[in-house]
Amino acid sequence: MNTWQNKHFRLTALIALAGFGQTGMALADTTLNIDAVADTFISSDPDYANRDMSAFGAMQISADLPDYIQGIMSPRTLDLLVAYDTATIKAGFDSQYGAGNWHVTDVQVKWYTNFDILGVPAHNPQFNVPAAGDFNISLLNDNNWFNAATAGPLGLANNDLNWNSVFGAGGKYGTLLNGIQNLTSDSYTGGDFNGTNNCSNDVCAPRFWDLGDNADLLARVADGGVVSLFGTAADANVTYLVNQLTKPGGHPQIFVSAAAGVAAVPTPGGIWLFLSGCLPMLAGLRKQSAAYGSLTSTTNKFC
């Protein structure tokens, strides 16, 4: 390797290293995922407002809409709840990086839908007809809507959790939404897949939703805590069906990425000052190299 190539390689490596520190990008993030530990939905429909909805095979986010196709003439709102226990994710990252030697870089949920065609009902009267629109995913501060000891493999919620116990006067879970924080707003656009009762051998329209960089969310995951999410309509149109743990093969999952280090380390200002002087010189050296061939160490010793 001639002197110009050697110097060019060294400077390129330094720029790459500095760029890594400045942007906080990880060279080799690791991603771990787990299934939910509990999931359910609540409905304002008078026929379901007092019922536990945690074993229906699916849950739904819906604006206040009727379901004329299935004979539901009165509008009803549906909200989704799902919880993830990230203790095993923390243990996995502790094992790989060492306890306290990693930081979360990304958190996403993966939700499946086995009735995804807009305008085609899910053949269950408790659900509204899929429709495109916007929805919110929020972080709950209160995880008391389910009991980890009794949720079991089906992820059952407390059997007294329902629309009326959350929103009714004097309801047992009237404080459930205290301290809630919106994490993301996304658009559901529907798809071309409708399945049967089993997602084990079908695609079931999986979608990833990024939860952003909320500090409380990242801290909860880093501590191996429970992440409870609340899904609600963000407009007057959306109806989005999401499979529950009771749907074989289509469980709601969370994916967490992490990288080494307690936090992204910013590049010291001195390095950027150094590079700001070298980059113009590098451009000039390239021109000289093209015109005169390899350069001597005396010509480029400053970089």
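## Ser62 and its polar partner

A polar contact is a pair of N or O atoms within 3.5 Å; within protein, one must be able to donate a hydrogen and the other to accept it. In this predicted model, the side chains of Ser62 and Thr239 make such a contact, at 3.1 Å. Ser62 sits in strand β3, which covers residues 58–67. Its relative accessibility is 0%, so Ser62 counts as buried.

The surroundings of Ser62 come from several stretches of the chain. Beyond its neighbours within four places in sequence, Ser62 is in contact with Arg76, Thr77 and Leu78, with Asn128, and with Ala233, Val238 and Thr239.

## Confidence

The average pLDDT for the protein is 83. A score of at least 70 is reached by 77% of the residues. Residues 2–27 have a pLDDT below 50, and this stretch has 40 contacts in the model beyond near neighbours in sequence.

Residues 265–303 also need care. Their pLDDT stays under 50, and the model gives them 48 contacts beyond four places in sequence. Where pLDDT is low, the predicted coordinates should not be read in detail.

## Nonpolar cores

The largest nonpolar core holds 42 residues. Tyr84, Val109, Trp111, Leu229 and Tyr240 have the most contacts inside it. Strand β5, residues 102–111, supplies the largest share of this core, with five residues.

A second core is separate and has 16 residues. Among them are Ala38, Ala49, Trp163 and Tyr173. In soluble globular proteins, nonpolar side chains tend to be buried together.

## The aromatic cluster

The whole structure contains 12 aromatic pairs. One of them joins Phe135 and Trp209, edge-to-face, with 5.0 Å from centre to centre and 85 degrees between the planes. Phe135 belongs to strand β6 and Trp209 to strand β8 (residues 207–210), so this pair ties together parts that are 74 residues apart in sequence. Both Phe135 and Trp209 are buried. For Trp209, the relative accessibility is 8%.

Trp209 also pairs with Tyr240. Their ring centres are 6.0 Å apart and their planes stand at 75 degrees, so this pair is edge-to-face. The pair links distant parts of the chain, since Trp209 lies in β8 and Tyr240 in strand β10 (residues 239–243), 31 residues apart. Tyr240 is buried, at 0% relative accessible area. Ring pairs connect Trp111, Phe135, Tyr188, Trp209 and Tyr240 into a cluster. Two of its members, Trp111 and Tyr240, are also listed with the most contacts inside the largest core.

Which residues of α2 are buried? They are Ile89, Phe93, Asp94 and Tyr97. These residues cover an arc of only 135 degrees around the axis, which puts them on the same side of α2. An α-helix has 3.6 residues a turn, so residues three or four places apart point the same way. The face of α2 turned away from the buried side carries the exposed residues Thr88 and Ser95. Cover for the buried residues of α2 includes β1 (30–35), β5 and β11. After α2 comes Gly98, with a positive phi near 100 degrees.

Thr30 is part of strand β1. Its relative accessible area is 16%; the cut-off for buried is under 20%, so Thr30 counts as buried. The side chains of Thr30 and Gln96 make a polar contact of 2.8 Å. Leaving out residues up to four places away in sequence, Thr30 touches Phe93, Gln96, Tyr97, Val256, Ser257 and Ala258.

## Helix α5

Helix α5 covers residues 215–222, and its buried residues are Leu217, Arg220 and Val221. They span an arc of only 95 degrees around the axis, which puts them on the same side of α5. These buried residues pack against α2 (87–97), β5, β6 (133–139), β7 (181–188), β9 (226–233) and β11 (253–260).

Both ends of α5 have a local feature. At its start, a side-chain oxygen of Asn214 comes within 2.9 Å of the backbone nitrogen of Asp216. Just after α5, Gly224 has a positive phi of about 75 degrees.

Terms used: Residues numbered from 1 in each chain as written. Predicted model: local features only at pLDDT ≥ 70, side-chain atom pairs only at ≥ 80, totals over all residues. Heavy atoms only, no water. Core = buried A, V, L, I, M, F, W, Y, C linked by side-chain atoms within 4.5 Å. Buried < 20%, exposed > 50% of the residue type's maximum accessible area, 1.4 Å probe, protein only. Helix = DSSP H or I, 4+ residues; strand = E, 2+ residues; numbered from the N terminus. Contact = heavy atoms within 4.5 Å. Arc of directions from axis to C-beta. pLDDT = per-residue confidence, 0-100. Phe/Tyr/Trp six-rings, centres within 6.5 Å; stacked < 30°, edge-to-face > 60°.
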